[in-house]
Amino acid sequence: MHDSVIDRLNDTLKELYHQAIDADKKLAALRARGQARFSAVLREDSQFITRADHFMPYVAELADELEMLSASSEEEYQALLARMVHKIQLLATTLSQFMRLD
């Protein structure tokens, strides 16, 4: 059962990866025009360890957590999965909202 969950999370991370590439390109264009001046994409209370002014480092953190989840014990699995799903939802929502901005 865990293998199918890991496969679905991996597919989700692939989608987030492509969305992050597009979002980081948009951020670079905004910064070239003197806009998007902030130090972190997500707030400090986001549960991410990463603090970055673009999206890809957050996707990398999730990829690292997916590896940890794959190697986790039964006792660790549920807590790691819950945290990862929360972080995926937050990043996906943030990416979606950002890409809808004009």
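This is a predicted model: local features need pLDDT of at least 70, side-chain atom pairs count only at pLDDT 80 or more; totals for chains, interfaces and linings use all residues.
Good morning. Lys-87 and Glu-61 are both buried.

How buried is Lys-87? Its relative accessibility is 1%, and burial means a value under 20%, so this lysine counts as buried.

Lys-87 has a further partner. Glu-65 also makes a salt bridge with Lys-87, and here the closest N and O atoms are 2.3 Å apart. Again the link runs from helix H2 to helix H3, across 22 residues. Glu-65 is itself buried, at a relative accessible area of 8%.

Glu-65 in turn meets the side chain of Arg-83 in a salt bridge of 3.6 Å, N to O. Arg-83 lies in helix H3 and Glu-65 in helix H2, 18 residues apart. Arg-83, however, is partly exposed, at 32%. Taken together, Glu-61, Glu-65, Arg-83 and Lys-87 form a salt-bridge network. The structure as a whole contains four salt bridges.

Let me turn to the other contact of helix H3. Its axis and that of helix H1 come within 10 Å and cross at roughly 30 degrees; the helices span residues 74-100 and 2-32, respectively. H1 and H3 are therefore roughly parallel, and their crossing is left-handed. The contact between them comprises 17 nonpolar, three polar and four charged residues.

Thank you.

Notes
Residues are numbered from 1 along each chain as its sequence is written. Side-chain values use heavy atoms; hydrogens and water are left out. Axes are lines fitted to C-alpha atoms, for helices over the stretch in contact, and angles run from 0 to 180 degrees between N-to-C directions. Helices (H or I, at least four residues) and strands (E, at least two) are DSSP runs, numbered from the N terminus. Angles under 35 degrees count as roughly parallel, over 145 as roughly antiparallel, 65 to 115 as roughly perpendicular and the rest as oblique. A crossing is left-handed if the near helix is turned anticlockwise from the far one by less than a right angle, and right-handed if clockwise. Ala, Val, Leu, Ile, Met, Phe, Trp, Tyr, Cys and Pro count as nonpolar, Asp, Glu, Lys and Arg as charged, and the others, Gly among them, as polar. Buried means under 20% relative accessible area, exposed over 50%, partly exposed in between (1.4 Å probe, protein chains only).
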